[in-house]
Amino acid sequence: MDAIPYLAGASALAALALAGFYYTVVKAADPGNERMRYLMRAIQEGSRAFLKQEYTWVAGFVVIMIVLISVLLDPWSAVSYVIGAVLSAGAGWAGMTVATMANARTTNAAIVGPQKALPLAFKGGAVMGFCVAGLSLLGLVFCYLLFVEWIEVDAPFEVITAFGLGASSIALFSRVGGGIYTKAADVGADLVGKVEAGIPEDDPRNPATIADNVGDNVGDVAGMGADLFESYSGSILAPMAFTTFAVAAGWTPLGASQLELVMWPFVIAAIGMVGSILGSFTVRSGESSDIKDLSRALHMGTNVAMGVTVIGVFVAGAMIFEGDTRWALPAAVVIGLVAGWMIGKVAEIWTSDHYGTVKAIAQQAETGPATVILKGISAGMVSVAASVSLIAVAIGTAYWAGQQALGDTSEGGIYGIAIAAIGMLATTGVVVGVDAYGPIADNAGGIAEMADLPPEVREVTDSLDSLGNTTAAVAKGFAVGSAAITALALFASFDQAITAANPAESLNLDIGNVEVFIGLFLGAMLPFLFAALTIDAVGRAASAMIEEVRRQFREIPGLREGLPGVEPDSARCIEISTKASLREMVIPGGLAILVPLIIGFIDVNALGGFLAGALVSGFALAIYMSNAGGAWDNAKKYIEAGHHGGKGSDAHSAAVIGDTVGDPFKDTSGPAMNILIKVMTIVSLIFASAFV
């Protein structure tokens with residue numbers, strides 16, 4: 001048992017070493033001609049400038065939280081909080097840096113064909129993936145060794161859990177701020193460029209194009225990386241915290257010791273990391289630009305990682321445990337892994353143009369934008385039913401596996417559920433790599449258009465980008481599915497922490513209790529309020545962007561006509577998106593922290609009801625918005641590929657409007673929802689002792 005944290009730390013270092021290797025591979029690739037290099041540098045500078053300002057703003061919030069944690073809890077928890085926040089921000093910065101290097105290089109590789117472009121874009125994304133997984137696991141191992149073994153602080157797992165809150169703080173603001181930035185630029189570029197001016201997507205005449213490409217990196221790479229960093233950290237922390245608090249409250253697990261149950265998450269994470277490393281080497285593409293062939297090549301890495309993980313956890317289970325525990329706890333891991341894959345498959349079915357939903361939305365575009373929007377809304381809602389059914393089955397079977405392993409108690413079942421959440425995210429390294437590939441491919445297409453490369457190059461990048469929309473939806477499915485299960489485990493830990501802190505005070509979640517009933521309604525409401533605030537933020541920022549793009553087309557002579565030497569003022573558009581997103585992210589982000597604290601100090605039963613309501617409605621809303629947005633986006637791309645009249649047709653204009661509605665759904669409000677429900681739960685867990 002003593003060696004397990006060190007082995008987990010070694011796997012994390014191996015992941016970071018692989019990220020470093022992929023960085024050198026990407027850096028060595030040719031970024032193309034001078035125009036492509038210029039565009040790459042402009043995107044890099046805009047992305048760095050935004051992240052610097054965002055992290056400066058978030059640093060102020062972090063300082064406030066440090067003071068709050070130090071006063072209400074203890075200074076060691078504040079140290080753990082800072083470690084989580086710094087590593088999360090570092091992972092986002094590293095991923096963004098490499099993604100902005102890989103975009104022009106992927107464009108240049110697309111001149112040769114997809115067999116060269118796809119592996120390069122994936123390697124650029126894999127730097128993000130392995131930085132996220134490697135830094136998260138390394139940070140958690142360090143915190144465990146520091147607080148549990150080296151300095152032996154009081155209540156060490158309360159201290160370590162603050163690491164998750166640090167990660168959540170960065171994730172929340174990165175996802176919301178980056179999401180507002182990217183969608184403000186995207187909506188402005190699409191509505192004025194493609195619809196009003198009738199120019200192609202990513203046309204160099206459009207002043208918002210560079211800002212749109214910057215947004216892909218700060219929202220869909222740095223923001224997404226912080227999101228998955230927080231999800232991965234939370235999934236490892238949840239069973240550790242639950243075990244510790246439950247034992248302190250009187251639980252005696254059967255079939256395993258407390259130490260074995262605390263160490264098992266590290267074992268799973270280490271095995272998943274090794275599987276992800278091996279899987280990443282299998283991503284190769286053939287000559288075909290067909291989406292199915294590209295998808296098969298890209299998903300090979302995920303499938304290999306999952307296979308290695310399944311075998312590895314059963315071998316490890318047989319070595320560590322005895323009796324039924326030897327197979328039951330590994331089975332809980334596999335349940336989570338399979339459930340995550342199936343939720344991702346649901347997202348693919350609802351967002352890929354190889355299935356009926358996207359084709360039906362594209363068909364509706366022939367009758368105008370209203371029917372496009374209606375069909376997208378209904379498709380997103382139907383996908384909720386499929387995803388919720390899968391989560392329900394996963395929770396039920398994982399609960400059963402936990403009881404088979406640890407005795408017929410609710411504590412054993414909850415531990416099984418918490419382990420399933422780790423299983424769902426065990427292959428985070430390669431899953432994030434596949435997701436971060438998408439923004440790189442999107443940027444590559446923009447650079448191909450702005451650099452006036454031959455149409456066949458844009459065809460390759462468009463096929464890579466279309467696949468990227470689907471892989472992003474799949475990764476969002478993994479993230480929100482794990483959020484639901486992890487939040488449930490953290491919620492159970494919160495219950496146990498209340499009892500452990502004050503045995504005379506325990507949660508009573510009877511809905512006949514008026515405080516609980518009020519909390520349920522408030523919790524169910526908050527995700528809708530959060531979504532409204534973020535969508536309004538995108539709308540306000542997009543309005544400013546639209547007016548600026550119109551002004552430039554109106555006031556800069558020769559810009560709309562594309563006269564030689566006439567360049568748009570892209571810096572002004574970047575400035576508009578940056579200021580708007582930073583200003584608009586404060587209120588939604590603050591709600592997630594302040595509301596559970598306020599309710600918790602008033603009544604812990606009301607807080608329990610609040611968390612339950614937010615978990616259920618937030619999960620459903622996240623699935624609905626992410627899948628509806630992805631379906632609208634790919635319906636537009638399906639039409640642009642030549643169906644239903646192709647680019648410039650009335651159907652295309654209708655689909656662009658549908659995609660515009662879907663942009664904040666899939667890239668701002670939807671993805672931020674899973675962070676919201678986990679942030680509120682982990683805040684409640686950390687401050688549980690202060691509440692009672």
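Start by selecting Tyr144: with a relative accessible area of 4%, Tyr144 is buried (buried means under 20% relative accessible area, exposed over 50%, partly exposed in between, with a 1.4 Å probe and protein chains only). Keep in mind that this is a predicted model, where local features need pLDDT of at least 70, side-chain atom pairs count only at pLDDT 80 or more, and totals for chains, interfaces and linings use all residues. Residues are numbered from 1 along each chain as its sequence is written, and side-chain values use heavy atoms, with hydrogens and water left out.

**Stop 1: aromatic pairs**

Searching the whole structure turns up 16 aromatic pairs. Here, rings of Phe, Tyr and Trp (its six-membered ring) pair if their centres lie within 6.5 Å; planes under 30 degrees apart count as stacked, over 60 as edge-to-face and the rest as tilted. Tyr144 belongs to helix H4 and Phe266 to helix H7, so the pair ties together parts that are 122 residues apart in sequence. Helices, by the way, are DSSP runs (H or I, at least four residues), while strands are E runs of at least two, and both are numbered from the N terminus. Phe266 counts as buried too, at 1% relative accessibility.

Now jump to Trp632 and Phe665, another edge-to-face pair, at 5.7 Å centre to centre with 70° between the planes. This one links distant parts of the chain, with Trp632 in helix H18 and Phe665 in helix H19, 33 residues apart. Trp632 is buried at 1% relative accessibility, and Phe665 is buried at 12%.

Phe21, Tyr22 and Phe281 make up one aromatic cluster. Then pick Arg560, which lies over the face of Phe553, 5.1 Å from the ring centre; a charge sits over a ring if NZ of Lys or CZ of Arg is within 6 Å of the ring centre and within 35 degrees of the ring normal.

**Stop 2: H6 against H7**

Select residues 209-248 (helix H6) and 258-280 (helix H7): their axes come within 8 Å and cross at roughly 170°. That makes H6 roughly antiparallel to H7. The axes are lines fitted to C-alpha atoms, for helices over the stretch in contact, and the angles run from 0 to 180 degrees between N-to-C directions. Angles under 35 degrees count as roughly parallel, over 145 as roughly antiparallel, 65 to 115 as roughly perpendicular and the rest as oblique.

Which residues meet here? On the H6 side, show Tyr232, Ile236, Pro239, Met240, Thr243, Thr244 and Val247; facing them in H7 are Gln258, Leu261, Val262, Pro265, Phe266, Ala269 and Met273. Colour the contact of H6 with H7 by class and you get 11 nonpolar, 3 polar and no charged residues (Ala, Val, Leu, Ile, Met, Phe, Trp, Tyr, Cys and Pro count as nonpolar, Asp, Glu, Lys and Arg as charged, and the others, Gly among them, as polar).

Stay on H6 for Asp227, which has its place in that helix. Is Asp227 buried or exposed? Asp227 is buried, with a relative accessible area of 1%. Leaving aside neighbours within four places in sequence, Asp227 is in contact (heavy atoms within 4.5 Å) with Ala171, Arg175, Pro671, Asn674 and Ile675.

**Stop 3: back to H19**

Thr660 is in helix H19 and counts as buried at 11% relative accessibility. Again leaving aside neighbours within four places in sequence, Thr660 is in contact with Val187, Asp190 and Leu191.

**Stop 4: positive phi in the loops**

Most residues other than glycine have a negative phi. Ala155 has a positive one, near 50°. Find Ala155 in the loop between helix H4 (114-150) and helix H5 (156-197); at 40% relative accessibility, Ala155 is partly exposed. His644 also has a positive phi, about 55°, and lies in the loop between helix H18 (604-640) and helix H19 (650-686). His644 is partly exposed, at 23% relative accessibility.

**Last stop: H17**

Finish at Ile587 in helix H17 (residues 586-602), which is exposed at 59% relative accessible area. Ile587 and Thr534 are 53 residues apart in sequence and 9.3 Å apart in space, C-alpha to C-alpha.
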